[in-house]
Amino acid sequence: MVPGGWLPCLRSVIRSLLSSLACREGTQDLAYRAGSGFGEGQVTRDWDASLLPHKSDVTALNGFATFTAFQAAIEGAVHAGVHNAVGGDMETGSSPSDPLFWLHHANIDRLWAKWQKQHPSVKPPNMTETLRPTPLFGVKVAAVQNITKLGYKYASAYRADSERYNMS
Ligand SMILES: [Cu+2]
């Protein structure tokens with residue numbers, strides 16, 4: 001398990017990326033930064049749509065009443081399923097070199113924000129734990145719970161995913 005928790009670390013990285021982009025012009029820089037982080041910017045993919053998560057995997061997330069159960073469920077079928085479906089670099093430790101990594105992780109964070117909205121009193125069991133490694137994270141789990149306080153929001157957080165996408 002990631003020290004501090006997988007979802008809090010994911011959100012901390014998204015927040016850091018957004019802060020970095022706020023100091024730059026345009027979204028072209030996102031693709032450049034993502035593509036230049038590992039390797040030579042050459043992204044490999046080996047697409048297999050049969051490995052994508054199903055709509056039922058996403059809708060089932062709302063049924064989890066504890067953070068620990070929710071985190072385990074989203075990390076498994078929903079998160080890993082997209083990594084495996086895209087294939088190539090997305091299945092390896094160099095997955096951040098693929099711009100899809102950042103879109104995918106932002107969507108995972110969005111789904112967590114949506115779940116938080118539906119379970120406002122449910123918190124991770126380790127709110128006082130510091131995310132590690134500290135040079136990369138170094139904040140407490142509690143510090144990444146509220147995306148509004150982190151300075152961003154998801155426009156679709158209040159819509160059903162089936163309304164936004166043609167999911168079958
Ligand atoms: Cu991932």
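In which helix is the place of Ser12? Ser12 belongs to helix 1, which covers residues 6-22, and the structure that shows this is a predicted model. Ser12 counts as buried because 21 other C-beta atoms lie within 10 Å, where the cut-off for burial is 20 or more. Setting aside residues up to four places away in sequence, Ser12 touches Leu131, Phe137, Val139 and Val144.

Lys140 is 128 residues away along the chain, yet the C-alpha atoms of Ser12 and Lys140 are separated by 10.0 Å. Gly138 is 126 residues from Ser12 in sequence, and the C-alpha to C-alpha distance between Gly138 and Ser12 is 9.4 Å.

## Overall make-up and confidence

The protein chain contains seven helices and zero strands, so that its pattern, read along the sequence, is α-α-α-α-α-α-α. Of the 168 residues in the protein chain, 22% are buried. Among the contacts with a separation of 6 or more, 70% are accounted for by residues 24 or more positions apart.

The average pLDDT of the protein chain is 83, and 77% of the residues score at least 70. Over residues 25-29 the pLDDT is below 50, and this stretch has two contacts in the model beyond near neighbours in sequence. Residues 31-39 also have a pLDDT below 50, although beyond near neighbours in sequence this stretch has 18 contacts in the model.

## Packing of helix 4 and helix 5

Two packed helices are described by the angle between their axes and the distance between the axes. For helix 4 (residues 67-86) and helix 5 (residues 99-118), the axes come within 11 Å and cross at roughly 155 degrees. Because angles over 145 degrees count as roughly antiparallel, helix 4 is roughly antiparallel to helix 5. The crossing of helix 4 and helix 5 is right-handed.

On the side of helix 4, the residues that take part in the contact are Phe70, Ile74, Val78, His79, Val82 and Val86, and they meet Leu100, His104, Ile108, Leu111, Trp112 and Trp115 in helix 5. Sorted by class, this contact of helix 4 with helix 5 comprises 10 nonpolar residues, two polar residues and no charged residues.

## The loop between helix 5 and helix 6

Pro133 has its place in the loop between helix 5 and helix 6, and a cis peptide bond, with omega at about 5 degrees, joins Arg132 and Pro133. Gly138 is also placed in the loop between helix 5 and helix 6, the latter helix being residues 147-150. Leaving aside neighbours within four places in sequence, Gly138 is in contact with Thr130 and Leu131. Gly138 is partly exposed, because 13 other C-beta atoms lie within 10 Å, and a residue counts as exposed at 12 or fewer.

## Tyr152, beyond helix 6

Tyr152 lies in the loop between helix 6 and helix 7, where helix 7 is residues 161-164. With 15 C-beta neighbours inside 10 Å, Tyr152 is classed as partly exposed. Not counting residues up to four places away in sequence, Tyr152 touches Leu18 and Ile147. Tyr152 and Ser19 are 133 residues apart in sequence, and their C-alpha atoms are 10.0 Å apart in space.

Methods: Residues numbered from 1 in each chain as written. Predicted model: local features only at pLDDT ≥ 70, side-chain atom pairs only at ≥ 80, totals over all residues. Axes fitted to C-alpha atoms, helices over the stretch in contact; angles between N-to-C directions. Helix = DSSP H or I, 4+ residues; strand = E, 2+ residues; numbered from the N terminus. Parallel < 35°, antiparallel > 145°, perpendicular 65-115°, else oblique. Left-handed = near helix turned anticlockwise from the far one by under 90°. Contact = placed C-beta atoms within 7 Å. Nonpolar A, V, L, I, M, F, W, Y, C, P; charged D, E, K, R; others polar. pLDDT = per-residue confidence, 0-100.
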